[in-house]
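Hi,

Here's the structure I said I'd pass along.

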Amino acid sequence: MAYEIAARPVGHRPSATTISAVSAEERERSPSERREALKQVFMQARSCTRCPELAATRKTVVFGAGNADAELMFIGEAPGASEDEQGVPFVGRAGKLLEQLLGEIGQKRTDVFIANTLKCRPPGNRDPLPIEIQNCEEYLLRQVELIQPTVICTLGNFSTKLLRGDPTGITRLHGQPEVLVLGARAVRLYPIYHPAAALYTPRMLETLREDFMRLPELLALGPPEQPPAPDVPDLAEAAELAEAPEPPKRANATEASSSARRQATAAAEDDTAVDQLGLF
Ligand code: URA
C-alpha cells in the first residue's frame, strides 16, 4: 500500500477526514508493518518543501524518535538549534528535563515516541506560523495513526490547540485528560506545560511534575472506547488503485546500470537517515 501524504484542504480543526479510511486499515496492521509505514512517512517528510522558508533554512527534518509502537506519545512545538543539528527531538535543555521527568515515572525516552508540531526549525526559534502548522499537520496525524498511542501528551500551547482544534490555552487545560477522536481512533489527550517553559519558572516546574506524576494512572486505564470502523469502500478502492504497479519503461543497458547505481546510493542514504531517527 502506498503511504502518500496528499495535499488537503485547509481547516482549523484537524478533522482528519482524509486519513480516516487509512486509519481503519491501520487497526489491522501489525506493529512492524506500522513501523515500516512510519519510515515511509519519514522519507516523504525528509524532502518536504511545503514551507519554503523552513525548507531553505533547516539543517534536518526532525521527524520524531522513539518507540514506533509506543503507548505514550509526546508532542512538542518545533525543533530548536540542537534538534535541527542532530535530527532528533528534545535533545537540548528542555529535552533533558523531559527525560528526567520520564525517569521519575519509571519510563525511558526509548519507551515513548517524541514528536513535534513542526518537523523543521523556525529560524531564530520564532513561533510556528499558522500556515506552517497547517502544512505539517498531516505528518503528525499520520504519526499518531501509525503509532497508535493510548495517551498523547501535548507539551504546551501549539500542539494542544492543534489537536483540540480550539484556541483554549495550556494554562486552563494542563493536567486535564480528555478523550479525543483523531482519524478513526480515540486517544486520551493529556495537555501539560512545555518543559522549556518550566525550565525558568519553579512554580511551573512543580505543576509540570505534578501533572507528569498522573501519567501512569492514565496509561493504566488503557485505550478509550473506540468509535466504530467507518465504512469507506470507495477510498479502499482508491488505495488499491494507487498500489497498481507502473508499466515498465524501456531503458538501454547503460541507462539501466546508472539508474541502478543511483537507486542503490539513494537507498543507502535513506537507510542512514532512518538509523539516525532512532526508530524501533
Ligand atoms: N522544544 C520543542 O518543542 N521541541 C523540541 O524538539 C525541542 C524543544
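Below is what I found in it, going from the whole chain down to single residues.

Two bits of housekeeping. Residues are numbered from 1 along each chain, following the sequence as written. This is a predicted model, so to speak of local features I needed pLDDT of at least 70, and side-chain atom pairs count only at pLDDT 80 or more, while totals for chains, interfaces and linings use all residues.

On confidence: pLDDT is the predictor's own confidence in each residue, from 0 to 100. The chain averages 85, with 73% of its residues at 70 or more. Two stretches stay under 50. One is residues 1-21, for which the model has 38 contacts beyond four places in sequence; the other is residues 244-251, with two such contacts. A contact here means C-beta atoms, placed from the backbone, within 7 Å of each other.

As for the fold, the chain has 13 helices and six strands. These are DSSP runs numbered from the N terminus: H or I of at least four residues for helices, E of at least two for strands. Of the 280 residues, 39% count as buried. My cut-offs are 20 or more other C-beta atoms within 10 Å for buried, 12 or fewer for exposed, and partly exposed in between, with C-beta atoms placed from the backbone. Among contacts between residues at least 6 apart in sequence, 77% join residues at least 24 apart.

Since 14 of its 18 residues are buried, H6 is largely enclosed by the rest of the structure.

What happens just after H6? Gln-148 takes a positive phi of about 55° there, although it is not a glycine. Gln-148 sits in the loop between H6 and strand E4 (151-155), and it is buried, with 20 other C-beta atoms within 10 Å. Ala-186, 38 residues away in sequence, has its C-alpha 9.3 Å from that of Gln-148. Ala-186 belongs to strand E6 (residues 185-192) and counts as partly exposed, with 16 C-beta neighbours inside 10 Å. Leaving out residues up to four places away in sequence, Ala-186 touches several others, including Val-179, Pro-224 and Gln-226.

Now the ligand. Gly-76, Glu-77, Glu-83, Pro-89 and Phe-90 come nearest among the 13 residues around it, where being near means a C-beta atom, placed from the backbone, within 6 Å. The shell has six nonpolar, five polar and two charged residues. For the classes, Ala, Val, Leu, Ile, Met, Phe, Trp, Tyr, Cys and Pro are nonpolar, Asp, Glu, Lys and Arg are charged, and the others, Gly among them, are polar.

Phe-90 also has a positive phi, near 50°, in a residue other than glycine. Phe-90 lies in the loop between helix H4 (81-86) and helix H5 (93-104) and is buried, with 28 other C-beta atoms within 10 Å.

Finally, is Glu-53 buried or exposed? Glu-53, in helix H3 (residues 52-57), is exposed, with 12 other C-beta atoms within 10 Å.

Cheers
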